[in-house]
There are 4 protein chains.
Amino acid sequence: MAANEERTWKARLHEIIFESNTKAGRLFDIALLVAIVASIVIVMADSVATLHLQHGQLFYRLEWAFTILFTIEFILRLISVKSPAHYLASFLGIIDLLSIVPTYLSVFYIGAQSLLVLRALRLLRIFRIFKLSYFIAEMKFLGVAISSSLRKISIFMFFVFTLVIILGSVMYLVERGQNGFSSIPDSIYWAIVTITTVGYGDISPVTPLGKFVASIIMLLGYGIIAVPTGIVTTEMAMAARSKLQKHEACPNCGREGHDDDAVFCKYCSSRL
Amino acid sequence: MAANEERTWKARLHEIIFESNTKAGRLFDIALLVAIVASIVIVMADSVATLHLQHGQLFYRLEWAFTILFTIEFILRLISVKSPAHYLASFLGIIDLLSIVPTYLSVFYIGAQSLLVLRALRLLRIFRIFKLSYFIAEMKFLGVAISSSLRKISIFMFFVFTLVIILGSVMYLVERGQNGFSSIPDSIYWAIVTITTVGYGDISPVTPLGKFVASIIMLLGYGIIAVPTGIVTTEMAMAARSKLQKHEACPNCGREGHDDDAVFCKYCSSRL
Amino acid sequence: MAANEERTWKARLHEIIFESNTKAGRLFDIALLVAIVASIVIVMADSVATLHLQHGQLFYRLEWAFTILFTIEFILRLISVKSPAHYLASFLGIIDLLSIVPTYLSVFYIGAQSLLVLRALRLLRIFRIFKLSYFIAEMKFLGVAISSSLRKISIFMFFVFTLVIILGSVMYLVERGQNGFSSIPDSIYWAIVTITTVGYGDISPVTPLGKFVASIIMLLGYGIIAVPTGIVTTEMAMAARSKLQKHEACPNCGREGHDDDAVFCKYCSSRL
Amino acid sequence: MAANEERTWKARLHEIIFESNTKAGRLFDIALLVAIVASIVIVMADSVATLHLQHGQLFYRLEWAFTILFTIEFILRLISVKSPAHYLASFLGIIDLLSIVPTYLSVFYIGAQSLLVLRALRLLRIFRIFKLSYFIAEMKFLGVAISSSLRKISIFMFFVFTLVIILGSVMYLVERGQNGFSSIPDSIYWAIVTITTVGYGDISPVTPLGKFVASIIMLLGYGIIAVPTGIVTTEMAMAARSKLQKHEACPNCGREGHDDDAVFCKYCSSRL
């Protein structure tokens, strides 16, 4: 009887903390999200010197208050979940843990509380709350397209990586270690800044030859930036097309390519 | 008889102000557009210190002249329209109101007249004037593609938002609050400047580790910038393809959306 | 007889100057191209202060030599062409004229010779020389895709134009005319620099609110830069697809979508 | 017998050095890769002034050690390969040679060892080691798409080239050789920095007219950057689609390249 009661109590807790289809669960999720946003804002505000001088003491207390709150939430999650080990090893479990540890660490290592911004990752819970099926579908779509692009993009990134080493070194030689190109690593940093079209301007070529080589690198970067875009777009187009089409062939004529909402074969009119 | 006359007078006014298929209506629209452009140019010119010193008095008078002109136009619109409330609540109605209010506000709050640049939104009326059917079709096409991209892009933006908070905080820790990375919000600002490839260079990493992390963020930004482009392109390609579909409805069930190569209706199997 | 001889002489001249399928014509074209490149290089070199001091006299003479050369060429073109008026009004004719006029103008207006760089446009003649059919096909392909994108892009540009006026003015108000945002036109310039992701950094927000608004503008620019890319890509994909397909339907089953090299219908096997 | 033994010895060596499907071959490849990375890191570290002062002597010795190691490897490759001339003329052979020559050259020309970063190209061997068939397929896919884009992109680049000459010269005239636009080549460099959206900010327009012209160039660059992306994306989409085509040949005429929905061979009309 007591065991049964405990099970019920745990099940209720699980429902509130992990689900969001009951009113209590939904309320808990929204309260949690507000707390996450508030705690992130405080960590940010505390990093601003003027605000830290004025309200440092307040921020310190609020930080601890949120950490204790999230610690209680974390313990409740551990209690209510079926397999605590499984939860601890999950992506969300690790994030939940990472979002409370820094405050405790800050007792021993000053400055560790800056890691609290990892709490920002908890914001991703928002998708769990607004569990609208459509959003989930869109996310899956983006996920499929991006993950199937990853291998192509990683090959591409390796080429870019090799390229910026060469280009950076060439510029180091051309500018003879002057004008910010003071070492090969610095010149590689410049090559990355240039080829990604970020262009801070903290390092920029000064000699005529340097400007000439830089111009070629920039025009090269023009073509290069097109490649990842091309990869992602192609994968998305493929994902979009396959989503729109039935994956079954016509039982009569055997042809494929029917729309998702087709009832009859568009080629031979037999029922699909 | 008088009521009838009034109705006719109102109808004429409506025709001139709201329509552009009569000669008078077209003339009114072009005159209005010229007045809008002129008033925007004056607000801009007045913000330039040297021009303000020389012609400030003239600009002030012209500003009031245009405001009174637009106020009269606004009142005429309110009179001639069937449902003034409906017009006031519409997008164009709000813009029309916003483009006159700042001048009156400037009597009480100095500087409010800078808001007059909201008049720029009135420039969008240009599409109403050049009511060429083709332009409308193109705009609809762009509108459909962009609005159906919005949900995907907003999910993507949320991820980018979370990412820049994390990345900004990491750089704040790496550069130890020095070299412009003086607070987490400032570092997040830097992360946004970097990942969007804008790269002002007002804040840029100085330490070797900072440059290394920044390089990784930039290469990451390479792949990330491909995503919104991929989304928009895919939606446009889909919109373009649906334009390619048969524009004829099924003669039996009347439904549309058949592929170009369809022979039989995919809904009811009758021959197209 | 004399008239006939003149016609022949003119025809030969036309062949050499305008055609490139004879050996003499090809040689003329290559010599012309070399002269164009040389004259552009001289104009550029003359603009460099140190080179101008050293070789200014030489550059001056060479400039006149090339101008006289191109003037003779221009007169020969006028003589040998059937309709001189038609040639003068053509794109290439205007460029040919523009590439000699500045030197003569420089006698009256010092500095006019800088316009000589318009000669660079004559470089486009290169495509006439390397009249390889494949290149022409590729250029036509690019031309079709770009010209059919132009209307969509011009609508898009108009929206961007309105947007940067609004955004620039907002930043002018936010930064209160300080930190480089000294007037609305300057702020609009900043908005364009930001939204196109160029990001010089000559003007950048300093106040916290300014940085916040700028961050939103940059993320907005993220989505906006995707639009022209999406437009051009879609048009190119459509042009590429239509190039690959026969535009005729099968005479037996009436279906379309056959490849360019298809001999038999892929649906019903009858000869196309 | 001796000759046979030599052949076997050579064949074994070839297997270890050139193949990676035996355990020894794989180990050799990994050891080589580690050596390449280590030698590149040393060249980079040596270019950093502070590290050079501290460990310059050590770096110098390690550089020579790696060069001797790679020289031995190079000689072994020459011995074990069937046709040494063929290997020397191959892409990988040239890179292997270029990665040892600079150290020897540095005896005569100080500074030549900076060219050692060309060793970075040897990193491309990584693809030979992780000879996973999938990676190869992806690389081929990228290779096909990019190489078939090259001709279109080179035409495009030629137009951009002409454009930046014109635009740079216009800005030189507009800014009257001031504010960094000190010569036409410098102004062309600025035009490239701007149109590729890199935007260092080392040169930026100062006069109102200059800012106006620059704004137009930036908005122009908006459309221009879309073109290479469009080209690459279209080619990738075509390559992806051709991968979707039936991979079976016609049983009658043996030709391939049939659409996914083809029932009859488009060349000879026999049933597929």
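Trainee: Which residues of chain A does UniProt list for "transmembrane region"?
Mentor: The unreviewed UniProt entry lists 30-51, 58-79, 85-111, 156-175, 187-206 and 212-233. Keep in mind that the model is predicted.

Trainee: What are the helix and strand percentages over residues 30-51 of chain A?
Mentor: That span is 95% helix and 0% strand. Its end C-alpha atoms lie 28 Å apart.

Trainee: And residues 187-206 of chain A, how far apart are the end C-alpha atoms there?
Mentor: They are 13 Å apart. The chain there is 45% helix and 0% strand.

Trainee: New topic. How many salt bridges over all chains?
Mentor: The structure holds 15. One of them pairs B:Lys152 with B:Glu235, with the closest N and O atoms 2.8 Å apart. The two residues are 83 apart, in helices α8 and α10 of chain B.

Trainee: Are B:Lys152 and B:Glu235 buried or exposed?
Mentor: Both are buried.

Trainee: What does B:Asp186 meet in a salt bridge?
Mentor: C:Lys211, at 3.2 Å from N to O. B:Asp186 is in helix α9 of chain B and C:Lys211 in helix α10 of chain C, so the pair joins two chains. B:Asp186 counts as buried because its relative accessibility is 17%.

Trainee: Last one. Which residues of α6 in chain C are buried?
Mentor: C:Pro102, C:Thr103 and C:Ser106. They cover an arc of only 100 degrees around the axis, so they sit on the same side of α6(C). On the other side, C:Val107 and C:Phe108 are exposed.

Trainee: What covers the buried residues of α6(C)?
Mentor: The cover includes α3 and α5 of chain C.

How values were computed
Residues numbered from 1 in each chain as written. Chains lettered and ligands numbered in written order. Predicted model: local features only at pLDDT ≥ 70, side-chain atom pairs only at ≥ 80, totals over all residues. Heavy atoms only, no water. Buried < 20%, exposed > 50% of the residue type's maximum accessible area, 1.4 Å probe, protein only. Helix = DSSP H or I, 4+ residues; strand = E, 2+ residues; numbered from the N terminus. Arc of directions from axis to C-beta. Contact = heavy atoms within 4.5 Å. UniProt positions renumbered as here; feature names shortened; annotations may be inferred. Salt bridge = Lys/Arg side-chain N within 4 Å of Asp/Glu carboxyl O.
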